[in-house]
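Welcome to this guided tour. Please open the model in your viewer and keep the selection tool at hand.

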Amino acid sequence: MSKKLQHEKTGKRDTLAKRGFQPYLGTVQTPPRQVGDVPFGPEPGSGLDMTPDPNNKGIVRHKDCGAYTVVKRIAEQEGKPHEFVCFGCKQTVRHERILQYPGNPNHFELFGDESTAGPFSLYGILILKDVEAREAEAALSEFLEGATGIEGARLHCKEVFHESSRANTAFKDFTKEEIWEIAEQLIVKTRDFMPSYKIGAAHRNTYPQFVPGSNPQQKLTAEHLYPPAFMGAVALLKEDGLSHKDFSRRFRIDAQKNKLEFWGMGRAQVQTLLNEVNLKTEPVSVDKPILFDAIDIVLYAYGHLLLDKAESQEKKILEIAKPVVAQVTWRPDDEKRPYSIGKTEGIPALYPAT
Ligand SMILES: [Zn+2]
C-alpha cells in the first residue's frame with residue numbers, strides 16, 4: 001500500500017518538513033562578488049549563449065563573475081556586439097559577439113553531495129550546463145578507467161584515502177600520493193566542461209549543543225547541519241541566477257534517508273530538507289553519476305583546508321576548481337542576511353529570521 005493511501009485511511013498528515021515548512025536553520029553569509037575572480041574554467045570562445053527558442057530569451061554567462069543573466073534575444077544581434085547588465089555583479093558587460101549554443105542553454109545539471117570535516121558540515125553543489133554535463137560524464141569515466149585499468153572505476157575520497165577501505169576499491173594498488181595525483185587530474189579534466197562549484201559550510205561550534213526544544217535532550221550532530229550547509233550552497237546558486245524560472249534544472253543529490261529530530265518540526269528525513277523552491281532535488285543512492293566524484297574531491301580538499309590540514313595537493317585542487325563558499329552560522333539575533341529555505345509561514349519559528 002502506498003504511503004499516500006495510508007494517509008488517506010488514517011487521516012495522518014504529512015510531516016511539517018514534507019509540507020515545506022522550515023524553522024530558522026542558520027544565517028548565510030556569501031562572499032562579495034568580485035569581477036576578475038573567475039570561478040569557471042576556460043570558455044571555448046567568448047560570447048553569449050543564446051537560446052533559439054520562440055520566447056526570444058537567452059541566457060548569458062558573465063565569465064568574470066560566473067553569474068547567469070536572462071536576456072532578450074534579437075535575431076539581428078547575432079554575430080554583433082551585445083551589452084547587458086549582469087545579474088550577479090550588476091556591471092554592464094559587453095560581449096563581442098553572440099554565439100549559438102549547441103545544447104539547451106537554459107538547462108543545467110546539478111550534483112549535490114555532503115561531507116563532514118571536524119566541526120564543519122559541508123554541502124557541495126557542482127553545476128554544469130546541459131551538453132557539458134553529458135560530455136563530462138563520458139570523459140571522466142574514460143579517464144578513471146584509463147588511470148586505474150579497471151572498468152567502472154570510481155574515486156570516493158572517504159574510501160580511497162583510508163588504508164582499510166582502499167583495499168576494496170579500484171585504487172588498492174595505489175599510494176596516497178598517486179591517488180591525489182589522479183584526483184587532481186580528474187578535477188583538471190572536469191574543468192574542460194566549465195563547471196561551477198558551490199560550497200555551504202555550516203559551523204557546528206556556533207550552533208546549540210542540543211537540538212533546540214528536544215525532550216529528552218538530543219545532541220545536535222553533523223548530520224543535523226547538512227540542511228543549513230545545503231542552504232548556504234543554494235544561496236550561491238541563487239546569486240548566480242540559477243533559480244530563475246526561465247531555466248530548467250535537474251538537481252541530483254546524494255540520498256540522505258536518515259531520520260532526525262529537527263527543531264521546530266519534529267522528525268524528518270535529512271533529504272527532505274535538502275530542497276528549495278524552484279530547486280527541487282532528486283535523491284540518488286545507486287548508480288550515481290561520476291560527476292559526484294568531482295564534487296566529493298573538492299569537498300574533501302576544502303574540508304582539509306578548513307581544518308588547516310591541507311597540503312599542496314588539496315591546495316592545487318582548490319586552485320583549479322575555485323569553489324565559491326558561503327558560511328552558515330547560528331546567529332538567531334542576526335537580521336542582516338537571513339535565508340530560510342521553503343515556507344516559514346504557519347509555524348512559530350523558534351528564532352524568526354527578522
Ligand atoms: Zn557579473
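Which residues in helix 5 meet helix 9, and which in helix 9 meet them? Select Trp180, Ala183, Glu184, Ile187, Val188 and Arg191 in helix 5, and you will find them meeting Gln313, Lys316, Ile317, Ile320 and Ala321 in helix 9. Two residues are in contact here if their C-beta atoms, placed from the backbone, lie within 7 Å.

Before moving on, a note on what you are viewing. This is a predicted model, in which local features need pLDDT of at least 70 and side-chain atom pairs count only at pLDDT 80 or more, while totals for chains, interfaces and linings use all residues. Residues are numbered from 1 along each chain as its sequence is written. Helices (H or I, at least four residues) and strands (E, at least two) are DSSP runs, numbered from the N terminus.

**Stop 1: helix 5 against helix 9**

Keep helix 5 (residues 176-191) and helix 9 selected: their axes come within 9 Å and cross at roughly 5 degrees. That makes helix 5 roughly parallel to helix 9. Axes are lines fitted to C-alpha atoms, for helices over the stretch in contact, and angles run from 0 to 180 degrees between N-to-C directions. Angles under 35 degrees count as roughly parallel, over 145 as roughly antiparallel, 65 to 115 as roughly perpendicular and the rest as oblique.

**Stop 2: helix 8 against helix 9**

To show the contact, pick Ile297, Val298, Ala301, Tyr302, His304 and Leu305 in helix 8, together with Glu314, Ile317, Leu318 and Ala321 in helix 9. By class, the contact of helix 8 with helix 9 has eight nonpolar residues, one polar and one charged. Ala, Val, Leu, Ile, Met, Phe, Trp, Tyr, Cys and Pro count as nonpolar, Asp, Glu, Lys and Arg as charged, and the others, Gly among them, as polar.

**Stop 3: helix 2 against helix 5**

Go back to helix 5 and bring in helix 2: the two pack at an angle of about 155 degrees, with their axes 10 Å apart. That makes helix 2 roughly antiparallel to helix 5. Helix 2 passes helix 5 in a right-handed crossing. On the helix 2 side, select Ala136, Ala139, Leu140, Phe143, Leu144 and Ala147; on the helix 5 side, Ile182, Gln185, Leu186, Lys189 and Thr190.

While you are in helix 2 (residues 130-148), click Glu135. Glu135 is partly exposed, with 14 other C-beta atoms within 10 Å. A residue is buried if 20 or more other C-beta atoms lie within 10 Å of its own, exposed if 12 or fewer, and partly exposed in between, with C-beta atoms placed from the backbone. Draw a distance from the C-alpha atom of Glu135 to that of Phe193: the two are 58 residues apart along the chain, and the separation is 7.6 Å.

**Stop 4**

Seven of them form an open sheet in the order 1-15-10-9-8-11-14, with mixed pairing. Strand 1 (27-29) and strand 14 (281-284) stand at the edges, each with a single partner strand, so one side of each is left without a neighbour in the sheet. Two strands pair if DSSP finds at least two bridges between them.

Zoom in on strand 8 (residues 107-117) and strand 11 (residues 248-254), which pair in the parallel sense over six bridges. Here Gly112 stands opposite Ile253, and Phe108 has Arg249 as its bridge partner. On to strand 14: strand 11 pairs with it in the parallel sense over four bridges, and Arg252 stands opposite Glu282.

Then show helix 6 (residues 226-239), which lies across strands 1, 8, 9 (120-129), 10 (196-203) and 15 (324-329), running at about 140 degrees to strand 10.

**Stop 4: backbone details**

Which residues does a cis peptide bond join? Select Asn215 and Pro216, where omega is about 0 degrees. Pro216 is in the loop between strand 10 and helix 6.

Finish at Met194, in the loop between helix 5 and strand 10. Met194 has a positive phi of about 55 degrees although it is not a glycine.

Key:
A crossing is left-handed if the near helix is turned anticlockwise from the far one by less than a right angle, and right-handed if clockwise.
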